[in-house]
Amino acid sequence: MKFYPREKIGWEKLEALIEYLPQKEKIQIKKAYIFAQRAHQEQKRFSGAPYFSHPSWVAEEIARMYYSSEMIIASLLHDTLEDTSATYQEIYNLFGKDVAEMVDGVTKLSAVRLKKTWFGLGPIQTEKMPELMRQTETLKKMFLAMGKDIRVVIIKIIDRMHNMFTILHLPKEKQIRFAQETLDIFAPLAYRLGMGEIKGQLEDLAFPILHPKEAKEIEEKIKIQRRKKRRIIGRTINVLHRLLRSHSIKPVSVHGRIKHTYSLYKKLKRYDGDISKIYDLVAIRIIVNDIDECYHTLGIVHKRWRPLPGRIKDYIALPKPNGYSSLHTTVFGPSGEILEIQIRTPHIHDHAEYGMAAHWRYKEESWGKKLKSIFPQTEQGAKWLKDLIAIQKSMNDPEEMAQALKLDFFSDRIFVFTPDGDVIDLPQDASPIDFAFSIHTELGNHYGGAKVNNKIVASDFKLKNGDICEIIKNKTGSPKRDWLEFVKTSDAKGKIKRGLKGK
Ligand code: MN
């Protein structure tokens, strides 16, 4: 799958991509197309292109991955709540609750930002890294919690992809912030969702903006290597076609593939910059019909060309943690050249490119296994997953599958903003007192009141996801005993008790 930025808009393009959907759903998509186009009317992108070129691109990519009509509609409408006069109620009435909630989810996610001050100030200061990393983790969690519905996160990833394609039209400071967020949040999320190709593209778009010098150096190195290898790749592909034919295997495709720039950059750092040690810079990918043919092909390849010891990887029997599977081997090719060969089925291939989306087309057992890789590290994640696998086992149509994807992850955490856009991660029903103490002990000790979304609230107010909370300081204030009755964090409890003793 290749992504190209596109300025021209046309219904015909989307229409061709939604062939796989029933007529009734196509009509709904057309309705949303017209609705969104009208809503954005005269609006322009930074590039000067009509604004609607953006949501229509996102919708096309979502359709290209064979997602549901609801997701395509939500993609078309994804910026209408934030940027136009369209309302939630209007979208609800015209396109239903599911679509309205998705659009609302995407809109809320747009508020999630890395703290502005990290960017536009040149290189990030290393002493601030731990805080930045903590914030990045929180943001990732928040992204999921506010997304709730994983479909919202997927739309947001594609939305970001288009924004990255058109990023050169933005002011420099914004470019750097977008690129950093893309590398820290969007690319890892895409990877965890198994969208390997999209992750690679996001990184390659962000890399030259954050590290222009290094990016240029790598591009040069790749160009030279590619020139050197072009002939050898062509010859190997011809030999492979002949070999496979003589064993009655009709490959779906045999092609060369170049490693993504950013992942090469990271790998080169581990090899002291010596590009001759990177064997998978250019790889040959063989796609055959089924798993049996994968192993058969591997045998054929090894019989013809001697494999390098220690570099045969069976990710089909032992998939990578994010679900990636394929057979990899590195051989001494036709003229003694070292070459990496990857063997997979069309299903595995789609999977590596589209991630979970591939399962809408191929229904099978490994779907549960795939999901397990998304967020395996928490207990909560494990429970959520068990539920999801149970649901998955009992369902067989895409509608149900879409329902199952509406996860309620991290449901007992809320994320509250400071007035400068910092994110504070708190337990459900936390109060402004918890909020104040989690920012700074002094702020809690001198708590004088709080405003939530610009309205004064009581100290036992229950904060909600996405609230903006501002603490009003009282220089002579001190902790109150009755706070202990409603605070939720042990951090605040401990600090209040200590404050009371000190009186
Ligand atoms: Mn957008």
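Two strands count as paired if DSSP finds at least two bridges between them, and the strands themselves are DSSP runs of E with at least two residues, while helices are runs of H or I with at least four, all numbered from the N terminus.

Before going on, a word about what you're looking at. This is a predicted model, in which local features need pLDDT of at least 70 and side-chain atom pairs count only at pLDDT 80 or more, while totals for chains, interfaces and linings use all residues. Residues are numbered from 1 along each chain as its sequence is written, and side-chain values use heavy atoms, with hydrogens and water left out.

Back to the sheet. Five bridges pair strand β8 (residues 447-452) with β10 in the antiparallel sense, and Y447 sits opposite K473 in β10. Touching, or contact, means heavy atoms within 4.5 Å.

Now find the other open sheet, where five strands run in the order β1-β2-β5-β4-β3 with mixed pairing. Its edges are β1 (253-258) and β3 (313-314); each has a single partner strand, so one side of each is left without a neighbour in the sheet. Inside the sheet, β4 (residues 327-332) and β5 (residues 338-344) run antiparallel and are joined by six bridges. One spot to look at is V331, whose bridge partner in β5 is L339. Helix α14 (residues 291-304) packs on the sheet, touching β2 (282-287), β3, β4 and β5, and its direction makes about 10° with that of β4.

Leaving aside neighbours within four places in sequence, T236 contacts I284, W305, P334 and L339. Is T236 buried or exposed? At 1% relative accessibility, T236 counts as buried (under 20% relative accessible area is buried, over 50% exposed, in between partly exposed, with a 1.4 Å probe and protein chains only).

Helix α12 (residues 212-246) has a helix partner too: its axis and that of α11 (residues 196-210) come within 5 Å and cross at roughly 120°. That makes α11 oblique to α12 (under 35 degrees is roughly parallel, over 145 roughly antiparallel, 65 to 115 roughly perpendicular, and the rest oblique). Here F207, P208, I209 and L210 in α11 meet P212, E214, A215 and I218 in α12.

What about the inside? The largest nonpolar core has 50 residues, and L14, I62 and L77 have the most contacts inside it. A nonpolar core is a set of buried Ala, Val, Leu, Ile, Met, Phe, Trp, Tyr and Cys residues joined through side-chain atoms within 4.5 Å. Helix α9 (residues 150-165) gives the largest share of this core, eight residues. Not counting residues up to four places away in sequence, L77 touches A32, F35, A36, I91, F95, V99 and V103. Apart from this core lies another, of 46 residues, including A179, I209, L240 and L243.

Finally, step back: the protein has 22 helices and 10 strands, and 53% of its 503 residues are buried.

Note on methods
Axes fitted to C-alpha atoms, helices over the stretch in contact; angles between N-to-C directions.
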